[in-house]
2 protein chains.
Amino acid sequence: MSTRREAVRRALTGSSGFRSAQDLYADLRAEGSKIGLTTVYRALQSLSDAGEVDVLRTDEGEAVYRACDTENHHHHIVCRVCSAAVEIENPDVEKWAADMGAEYGFTNVTHTVEVFGTCSSCS
Amino acid sequence: MSTRREAVRRALTGSSGFRSAQDLYADLRAEGSKIGLTTVYRALQSLSDAGEVDVLRTDEGEAVYRACDTENHHHHIVCRVCSAAVEIENPDVEKWAADMGAEYGFTNVTHTVEVFGTCSSCS
DNA sequence: ACGAAAACGAAAACGGTTGTCAAAACACAA
DNA sequence: TTGTGTTTTGACAACCGTTTTCGTTTTCGT
């Protein structure tokens, strides 16, 4: 694990919500790092490939990342103002998605579930 | 409703799955229309604002559109090969999302739920 | 038919992301 | 330590989907 990638992971772990690559780049530069934007993207790509961070897309199509507490499959409630996120799990939803897939003859079923709202401190 | 926008709606209604703006543009040009890409984007934007089509983002960040049978809130099972889609509804999921939001003090809660798989004719 | 308003399309601009490539950092054997 | 091959890095350009701009065309009301 290279130093740069470690720095990106640290920056991500130090934030409570979903951050974009450019956010993290700005954070790292602000704290004096000479890291390049390309490297931030590369680090996030590889952390994501390794399953160490969760990725999702905003409505604007921007990719945002988060270092999650568990490696288990789970979902989030994300504040649309400050992007803080709470991890949530629900076996029923997992089962429902799988059942739906089976019912319509779909194989290799995956799903995305994200809940958005305004968190108590932002409202 | 302008002619061009109607053409885009027709192109969308004639497909069974989610299509990107560029897909629709290609379809329309292929059938002889002299429509411009800009107009396709504009038409999709306005159809989407009017709630007449559903929009979602692929993992690659591309926006894809679909003319749905119902205007009610619903979700989809989407084939990741041919992008054919089945509309699905489930009050439990709706309730769950709302409950989760309330439990963590989030207001103005919305959610996105999409199921992906390989449909029977593509597998 | 006329003028105002809306729609249109080509091309440029934009913004996030990825590719390129030479320089720098590193590993490690001699 | 020095040399050599590998990996990582970052500036910059390229890419791609989308939006903006702006001059032209079409539509609509009168």
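**Chat about the surface near DNA strand C**

Modeller: Around DNA strand C, the nearby surface is made up of three nonpolar, six polar and four charged residues. Ala, Val, Leu, Ile, Met, Phe, Trp, Tyr, Cys and Pro count as nonpolar, Asp, Glu, Lys and Arg as charged, and the others, Gly among them, as polar. This is a predicted model, where local features need pLDDT of at least 70 and side-chain atom pairs pLDDT 80 or more, while totals for chains, interfaces and linings use all residues. Residues are numbered from 1 along each chain as its sequence is written, chains are lettered from A and ligands numbered from 1 in the order written, and side-chain values use heavy atoms, leaving out hydrogens and water.

Colleague: Thanks! Which residues come nearest to DNA strand C?

Modeller: Of the 13 residues around it, Y41(A), A63(A), R4(B), T39(B) and R42(B) come nearest. A residue is near a strand if one of its heavy atoms lies within 4 Å of it.

Colleague: And which element gives the largest share of that surface?

Modeller: That is α3(B), with three residues. Both α3 (37–49) of chain A and α3 (37–49) of chain B supply at least two residues each. Helices are DSSP runs of H or I with at least four residues, strands are E runs of at least two, and both are numbered from the N terminus.

Colleague: What lies close to the phosphate oxygens of DNA strand C?

Modeller: A polar side-chain atom of R4(B) is 2.6 Å from one, and a polar side-chain atom of T39(B) is 2.5 Å from one. From G36(B), a polar backbone atom lies 3.0 Å from a phosphate oxygen.

Colleague: Switching topic: is R19(B) buried or exposed?

Modeller: R19(B) counts as buried because its relative accessibility is 18%. Buried means under 20% relative accessible area, exposed over 50% and partly exposed in between, with a 1.4 Å probe and protein chains only.

Colleague: Where is R19(B) found, and what does its side chain make a polar contact with?

Modeller: R19(B) is in strand β1 (residues 19–20) of chain B, and its side chain makes a polar contact with that of D27(B) at 2.9 Å. A polar contact is a pair of N or O atoms within 3.5 Å; within protein, one must be able to donate a hydrogen and the other to accept it, and residues adjacent in sequence count only if both atoms are side-chain atoms.

Colleague: Last one: how many helices and strands does chain A have?

Modeller: Chain A has four helices and six strands, in the order α-β-α-α-β-β-β-β-α-β.
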